[in-house]
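Notebook open, structure on screen.

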Amino acid sequence: MIRVKIKKEQLKLIFNRLKTSHKIIGPKINNDVIVLTEIADFYDIPFGYREQQGKGTYRLTKGSSQFFSFSVGPDSFKRFVNPPAREIFAFKKSKKRISIMSSNKSSAMSNEKSDSSQLAMVRVVQHSSSLPFLFVGMRACDIAALRLLDKVFLEGHVKDTFYDSIRRSSLIIGVNCLYPGDNCFCSSINTGPEIKDGFDMAITELDKSFLLEIGTPSVREMIDELPVENASNEDIAEKDSLIANCKKNMKKTIDISELPWLIYKSLEHPRWTDIANRCLACGNCTQVCPTCFCNSSYDYLQLSGISKKIPELSGTRIRSWDSCFSTNFARVHGGNFRPSRRARYRQWMSHKLSYWIEQFGSLGCVGCGRCITWCPVGIDITQELEVLKK
């Protein structure tokens, strides 16, 4: 692996070099929260901020002298590769036939606008640029989550072509975590804090410079054009020391040695009822989780277009995020197979820590801690797992 370093103020040169060829998605402050959005300049990154995260709490504070001293916010890069809502296709229905009018106008690589008359009341993701994404600031947990989404959308019997087109065209600039959030536990499930693969470039913020590790040839040529110098053994040692310190400061852990069997033998544990009494079934945990991928689809028709005087109906089929906490998610012909919050929370946690292993060969949790921070009542998956052991 090629390792170079660059002065901190010169990292902006990478942004300037790539912003003409990519749509840059990175961290930015919005309404006192660090979200992921399109950023136009390197200085959009929240310099000097840290956050205090607890059970159901999140507060930004300023006082750091580092560019990347914050951890993860409610956003994950999931919503850019698997948008909350998108058009699958449009259709027309006449008395004689149903015709597919077009396919996937909401493609990330398309400049075409969807039929506004059909989608006026539906919030469907439309990417305004034909440029591929550059994901800046991805942490190790989020890159691990992306690999899990790859298993879902690319490695099954049916490949999601929309997801595939974004993944193949995107660049990833990751950032090694040096300041863990108060709810992070990636170290105990081996998904962080160090980024080991899955990136085009990984950045480590040293005391006086940025260490750049080049993962793919995609950025090699660009680096050759920048005022970089080779990293020294001292630089590598400083990085290793900072990563080790981050692991040491991580406050939460999960013991994965007993998974998935701990879940299987605890399916009738009374703790599930206790959790259900606190859980609001709001689905926040599934929305902020970078690996949750459940979705539903529905056909959208404007009521004004339904008339005997109009020989054809036209509409669109929309795919949108759903949640296993939704009552209707488990409603099928003949009834609902998860009618209680107890059953729905047990399904969510069991899927993350047990069933995923059988489905995809790994845990479905990457230890980012978002589900703890953004749960309105502060349910903590790490503590609930400990109770199930008793």
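This is a predicted model: local features need pLDDT of at least 70, side-chain atom pairs count only at pLDDT 80 or more; totals for chains, interfaces and linings use all residues.

Which domains is the protein divided into? I get domain 1 (2-84 + 130-249) and domain 2 (258-294 + 323-389), with bounds that come from an automatic or database domain assignment. Residues are numbered from 1 along each chain as its sequence is written, and side-chain values use heavy atoms, with hydrogens and water left out.

**Domain interface**

I looked up the spacing: the C-alpha centres of domain 1 and domain 2 are 28 Å apart. For contacts (heavy atoms within 4.5 Å), I find 29 residues of domain 1 touching 28 residues of domain 2. The buried area between the two domains comes to about 2200 Å², and carbon and sulfur atoms give 64% of that. Buried area here is the accessible area (1.4 Å probe) that two parts lose on being put together, summed over both. Lys55, Leu148 and Phe185 supply 26% of the area that domain 1 buries against domain 2, more than any other three residues.

**Salt bridges**

How many salt bridges cross the interface of domain 1 and domain 2? The rule (a side-chain nitrogen of Lys or Arg within 4 Å of a carboxyl oxygen of Asp or Glu) finds 1 there. Over the whole structure, the search gives 27 salt bridges. Side chains of opposite charge can pair when their charged atoms come close. Arg370 bridges to Asp142, with the closest N and O atoms 3.0 Å apart. Lys5 bridges to Asp235, with the closest N and O atoms at 3.2 Å. Helices (H or I, at least four residues) and strands (E, at least two) are DSSP runs, numbered from the N terminus.

**Helix α9 and its neighbours**

Next I checked α9 (residues 271-278) against α11 (residues 341-360): their axes come within 8 Å and cross at roughly 110°. That makes α9 roughly perpendicular to α11 (65 to 115 degrees, by the cut-offs; under 35 is roughly parallel, over 145 roughly antiparallel, the rest oblique). Axes are lines fitted to C-alpha atoms, for helices over the stretch in contact, and angles run from 0 to 180 degrees between N-to-C directions. On the α9 side I see Trp272, Thr273, Ile275 and Ala276, meeting residues of α11 that include Tyr345 and Met349. The contact divides into 5 nonpolar, 2 polar and 3 charged residues. Nonpolar means Ala, Val, Leu, Ile, Met, Phe, Trp, Tyr, Cys and Pro, charged means Asp, Glu, Lys and Arg, and the others, Gly among them, are polar.

With α13 (residues 381-388), α9 packs at an angle of about 150°, the axes being 10 Å apart, so the two helices are roughly antiparallel. Arg271, Trp272, Ile275 and Arg278 in α9 meet Glu384, Val387 and Leu388 in α13. This contact has 4 nonpolar, no polar and 3 charged residues.

Most residues other than glycine have a negative phi, and most peptide bonds are trans. I noted some exceptions. Gly192 and Pro193 are joined by a cis peptide bond with omega about 0°, and Pro193 lies in the loop between β9 (171-175) and β10 (201-205). Leu259 and Pro260 are also joined by a cis bond, omega about 5°, with Pro260 in the loop between α7 and α8 (261-264). Asn31, not a glycine, has a positive phi of about 55°; its loop runs between β2 (23-30) and β3 (33-38).
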